[in-house]
Amino acid sequence: HYLLLVPSKTPPTTCTFKGNAYFIPAMLPLYKEPNVVAKQPAIQSTDPLCLTFSTNYLPPGFFVRLVAVLATNEDCDIMFDRNLFRNSVCFSYLEKTIVNLTAKSTHVEITVTREVTRQHESKLFVDICQGLLALVYDSSLKVLNLF
């Protein structure tokens, strides 16, 4: 299994096909600029996390396979209501957390934002980011084992 085709947990609302829906990251169009999450007054966000490689370039096929691995995780859902591109994809992660992955020529950039609705939730944002970091690390290792 080369991680090129992912069964979709939440098919797009525009889909009229009644069978299984699949997500194919490599078939998405390219986007020239990274997605920008609209700033809202009650948003927590991180500085971008960058996955870099000793070769100083992003291996071909790594990004779309990383997206495929993350899409199969039970805590991640592809956000079909946002623009999806071959080099920039948004996921929802756990509750109210948005993860944007963007492929650059030398690295993968990951930004995390979260809507804050209660004061005590701000303390959990660090825990969410650490859990996401572990997930991205494990997913990256799965992808690298395919090469």
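**Figure 1. F147 is exposed, with a relative accessible area of 51%.** The view is taken from a predicted model. F147 sits in the segment after α2 (121-144). Together with Y137, L141, L144 and L146, F147 makes up a nonpolar patch on the surface. The accessible area of these residues together is about 480 Å². The cut-off for exposed is over 50% relative accessible area, so F147, at 51%, is classed as exposed.

**Figure 2. Overview of the protein chain, with 2 helices and 8 strands.** Read from the N terminus, the order of elements is β-β-β-β-α-β-β-β-β-α. The chain has 147 residues, and 41% of them are buried. Of the contacts between residues at least 6 apart in sequence, 61% join residues at least 24 apart.

**Figure 3. Confidence along the protein chain, with a mean pLDDT of 79.** A pLDDT of 70 or more is reached by 70% of the residues. Among the elements, β7 has the highest mean pLDDT, 92. The lowest mean pLDDT, 66, belongs to strand β2 (residues 22-23). Where pLDDT is low, the predicted coordinates should not be read in detail.

**Figure 4. The largest nonpolar core, made of 30 residues.** The residues with the most contacts inside this core are F62, F63, L66, F91, L101, V108 and I110. Two or more residues of the core come from each of α1, β5 (76-78), β6 (88-93), β7 (97-103), β8 (107-115) and α2. Close-ups of parts of some of these elements follow in later figures.

**Figure 5. Helix α1, largely enclosed by the rest of the structure.** The helix is described as largely enclosed because 10 of its 10 residues are buried. These buried residues are F62, F63, V64, R65, L66, V67, A68, V69, L70 and A71. An α-helix has 3.6 residues a turn, so residues three or four places apart point the same way.

**Figure 6. Surroundings of L66 in the predicted model.** Leaving aside residues up to four places away in sequence, L66 touches L51, L101, V108, V136, S139, S140 and V143. L66 is one of the buried residues of α1.

**Figure 7. N56, a residue other than glycine with a positive phi.** The phi of N56 is near 65 degrees. Most residues other than glycine have a negative phi, and most peptide bonds are trans. N56 is placed in the loop between β4 (49-52) and α1 (62-71). The relative accessible area of N56 is 56%, which makes it exposed.

**Figure 8. I78 and C90, with C-alpha atoms separated by 6.2 Å.** Along the chain, the two residues are 12 residues apart. I78 is part of strand β5. With a relative accessible area of 11%, I78 is buried.

**Figure 9. R114 and T97, 4.4 Å apart in space, C-alpha to C-alpha.** In sequence, R114 and T97 are 17 residues apart. R114 belongs to strand β8. The relative accessible area of R114 is 2%, so R114 falls under the 20% cut-off and is buried.

**Figure 10. A21 and P7, with C-alpha atoms separated by 6.1 Å.** The separation of these two residues along the chain is 14 residues. A21 lies in the loop between β1 (6-7) and β2. A21 has 17% relative accessibility and counts as buried.

**Figure 11. I24 and V64, with C-alpha atoms separated by 8.3 Å.** I24 and V64 are 40 residues apart along the chain. I24 is located in the loop between β2 and β3 (43-45). The relative accessibility of I24 is 36%, and I24 counts as partly exposed. V64, in contrast, is one of the buried residues of α1.

Methods. Residues numbered from 1 in each chain as written. Predicted model: local features only at pLDDT ≥ 70, side-chain atom pairs only at ≥ 80, totals over all residues. Heavy atoms only, no water. Patch = residues over 30% accessible without salt bridge, like charges linked within 9 Å, V, L, I, M, F, W, Y side chains within 5 Å. Areas by Shrake-Rupley, 256 points an atom, 1.4 Å probe, with all protein chains shown as cover. Salt bridge = Lys/Arg side-chain N within 4 Å of Asp/Glu carboxyl O. Helix = DSSP H or I, 4+ residues; strand = E, 2+ residues; numbered from the N terminus. Buried < 20%, exposed > 50% of the residue type's maximum accessible area, 1.4 Å probe, protein only. Core = buried A, V, L, I, M, F, W, Y, C linked by side-chain atoms within 4.5 Å. Contact = heavy atoms within 4.5 Å. pLDDT = per-residue confidence, 0-100.
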